[in-house]
Amino acid sequence: MIKIENLEKVYKTEEVETTALNGINLHVKAGEFVSIMGPSGCGKSTLLNVMGLLDKPEGGSYKFIDTELLTLNDRERSNFRKRNMGFVFQNFNLIDELTVFENIELPLIYNKVPATERKKLVNEIIERMNIVNRSGHFPQQLSGGQQQRVAVARALVTKPKLVLADEPTGNLDSSHGNEVMELLCELNETGTTIVMVTHSSHDASFSNRIINLKDGHVISEKINKSRNEELI
Amino acid sequence: MFKLNLKIALRNLWRNKGFSLINIGGLAIGLASCMILLLYVAYEWSYDKQFTDHDKTYVVYQNAVANGKTFSWAWTPNAMAPEVKEKIPGVKYASHSTYPNAKLITSGDKKLISTVIFADQSFVKILDYKFIKGNPDQVLKGINTIILTKSFAKKIFGNEDPINKTVTLDNQDVLKVEAVIDDVPANTSINFECLMPWALFEKKESWAKEKNWGSNICLTIVQLQDNKFFAEANADMKGIYKRNQKDKFTADALLHPLDKWHLYSDFENGKSVGGKIDQLKIFLMLAFCILLIACVNFMNLSTARSERRAKEVGIRKAIGSSRKSLISQFLLESVFITFISTILAFALVEISLSYFNNLLNIKLQIDYGNIKFWIALLALMLFAGFMAGSYPALYLSSFEPIKVLKGLKIRTDSSVSIRKILVVIQFVFAACLIVCTSVIYQQLKYAKNKPIGYDKSNLIQISVEGRMREESKLELLKTQLLKSGAASHVTTFSKDITENGNNTTGISWEGKNPNEIILFNNRGIGDNFIETIGTELVSGRVFSDKFPADTNSVMLNEAAVKMMRLKNPIGAIITWGGNTRLTNVGVVKDFVVESAYQKVAPMIFYSSRRDGAAVIIVRLNPNQNISSSLEKIDELVRETEPNYPVRRKFVDESFEAKFQNEKLLGTLSNWFGGFAIFISCLGLLGLALFMAEQRKKEISIRKVLGASTANILGLLNKDFIKLVAIANLIAFPLAYIIINKWLSAFEYRVPISVLPFVLALSISLIIAILTVSIQSVKVAKANPVDALKYE
């Protein structure tokens, strides 16, 4: 589904140039769950941001089911993003002024889904995420785990083809972290492609394939046998 | 989406109550100030525009050259209107009327002094007043008839139908009420309560019957069939005096649009050069500036809070919002806040309007039934909302999602400098206003304290009415006033001493250049005039019973002597009106009857025995209680003429009216300048709040290293002091240019000193430091660990 070739990204400040991505090649098949790991500053978050069209690389190619995405303009990028992608962030990034229900509803509004259907979809996912009794609450009133579940729900409500998760368990304790990982696995099993950046090999063990980055290069790739066997 | 955005806006407002209060309050005060000023401008602007064909209506002016200057005024001879109607092309109507005059109207035991006009039938055709009762085509035809305004009819007849009832004018003429019209609007130049036929005026004043071109006694109003005739008609008007007076014509005539009568009343060399419109432009600018300051405030505060909103922007962008929809969201938000502010502003306007009306002696009101008002209000609101929201919307929507979502601090350098520029702009306005206001007050004080040539305090004037005009009665009254102890001196004057009018160019003397035309004010004075008003006799003597020849004596003021270049003024022979040989017996020190800002004009005095006195001037006895003196005076006047209410006023109060324009300007710029400064302070408070927040960590580290609260305050204040100082530097030359232009209109003007500038600098600095310190003290005193432990 995703074909990334020779991706380059350089950060420039007045004094120094930092190469974040240095000719990355990466293919992701539909239905795959890929983890990206590596030390701090290896470029894994940059890669994820480029994949989410939140950042523009200097060179290379990024094809999403045969569509070249790097040549799109701003509006096309945001249109593509809202139709095909969902995001889960380390620090949840919920809008504080909106309730749980409204936070989840927001991407549907941007996708111009009619109100009655919106309500149905949001209620469905709230039930699935087990946060029904929280739907009228504001983010600050929830625990970290609950907030992340709301964030996952928001990422999923539009039924995106690709979910991008940036250290989704980074701000959670282990039990809440596991809950979120299990949620992602369930999601993956229903056919959603997931790309996740993580520091934790425990979290990575939930995925099909683990890619290791260092200094903007892919240095190794590992198929996660146990998980693949499970799949079979 | 709309609903959701509105919810976010509301919750945001609620969560940051302090900020919201500053924001909405600032905007509301700005909008309210703007609304009041605009109401005032609209009020002045719509002067005389209530009539159907006001745009085709003109007032006849005459230009007369005298003292080397051209004087222009809307006084014309009684022959003007018929001549214009007959000879000037394209004229539909031409009317002659008197100017508004105070007269006694009685009915039964009701005695009312009313403002009246005598006019011909064309007058109500040109100025189509709204007739409530009576037929506009039939009025003013007879002689003994009268038209009343609604409120005057009510005053005199209560709720009875006034039609065909009678009233008495000056206790002489019994008049039948033939129509009732709606009250004349407050913003009209021709103000009256009763309208009577010109024929009645001619009957009462036989001298007015004779057609003549020499004495300017009427107001002539002309309506053209169409404005395409204007150029031709106006060109024809120019020579109208010459054609009719032939040998010794004194003036030109011109048509001045009725629409411009009020606002463009200043003439120079016979051409309209503005007038009140200049002041109106200042107010319009002030209204715009205050709104701008309020909007700038809003921008400042919204961008200062941007970091709180940055996350929201990031998330929205990440899940697919386009920049356009974010911009429209923020604009919607600012329009929404403006809407709340507008409602608040309404309340403020309604509360303060009666105060301003009292202060400025005008009748402003919000006309809720007028669709134009609502359109203007909507336009104002949207304008303010979009203007205030534009920069924050563009700025906030430009955030890059990954940066804000990663929790990185957004780089705020550029926005800080823009915010600084905005604060500088605000303080430029504020400093300008302080300088201008203080110079206006200086000028006002200077003009008021400038010696006017006589002592106006404890001096009262009583109108001479009815039987008081009889010489014996007047003399008796004067004696009684002195005897009663209420008055220390009493005299008479042929005109209200604080008003202009009655002048002549028909004076000549030996050695006069025959081509030179000098305009003299002429006044009749009674005995003891010099002592009563407290002026001085420079040379010669005053009129006296001891000199029976004084019927042929005149006196001059110093300005007249100077203008006439008389080396030996006493004994100089003067010809007035062609044949009378008069002798000058005394020279009086110059005293002001016209504008306190202009040089005193030449004045010639005659003994008021020759002509009736219009007022009795009384110097109150300083040893008596004023209120009991006044009571005594009223009683004596009433005894002499019981049919008229006593009309008495203090000279110093009447004199104050001369400063009405400048007082209005001073008061308004004081108030609205104050508001502008207040709003600017709110903006500064917001910025200080933001800066202190941003530098929390730096401040904490400094404190850990040993900085005192004072050090920190100094640190935070330094930046703002710099901004305000820069603003003052920009404001000074601007203010100098503006105020210099304003002052140049006055012949007597206060020199521009450094004081207003020092005042502006110190006021703005003190205010800025106070505002910033209130906020920074909190941060400076905070426990340093609070800011550091999260790092």
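Which residue stands opposite A:Glu5 in β4(A)?

1. First, some ground rules. This is a predicted model, where local features need pLDDT of at least 70, side-chain atom pairs count only at pLDDT 80 or more, and totals for chains, interfaces and linings use all residues. Residues are numbered from 1 along each chain as its sequence is written, while chains are lettered from A and ligands numbered from 1 in the order in which they are written.

2. Back to that question: A:Ser61 is the residue across from A:Glu5. Strand β1 of chain A and β4(A) (residues 59-64) run antiparallel, with five bridges between them. Strands here are DSSP runs of E, at least two residues, and helices are runs of H or I, at least four, numbered from the N terminus. Two strands pair if DSSP finds at least two bridges between them.

3. β1(A) (residues 2-12) also has nine bridges to β2(A) (residues 17-28), again antiparallel. The two make a hairpin, with four residues between them. In this pairing, A:Tyr11 sits opposite A:Thr18.

4. Now look at where the chains meet: 20 residues of chain B are in contact with 21 of chain A. Contact means that the C-beta atoms, placed from the backbone, lie within 7 Å. On chain B's side, α1 (2-15), α11 (306-318) and α14 (401-405) each give two or more residues, and α11(B) has the largest share, six residues.

5. For residues 20-238 of chain B, an unreviewed UniProt entry lists "domain: MacB-like periplasmic core"; such annotations may be inferred rather than shown by experiment. That stretch is 29% helix and 32% strand.

Technical notes
Two residues are in contact if their C-beta atoms, placed from the backbone, lie within 7 Å.
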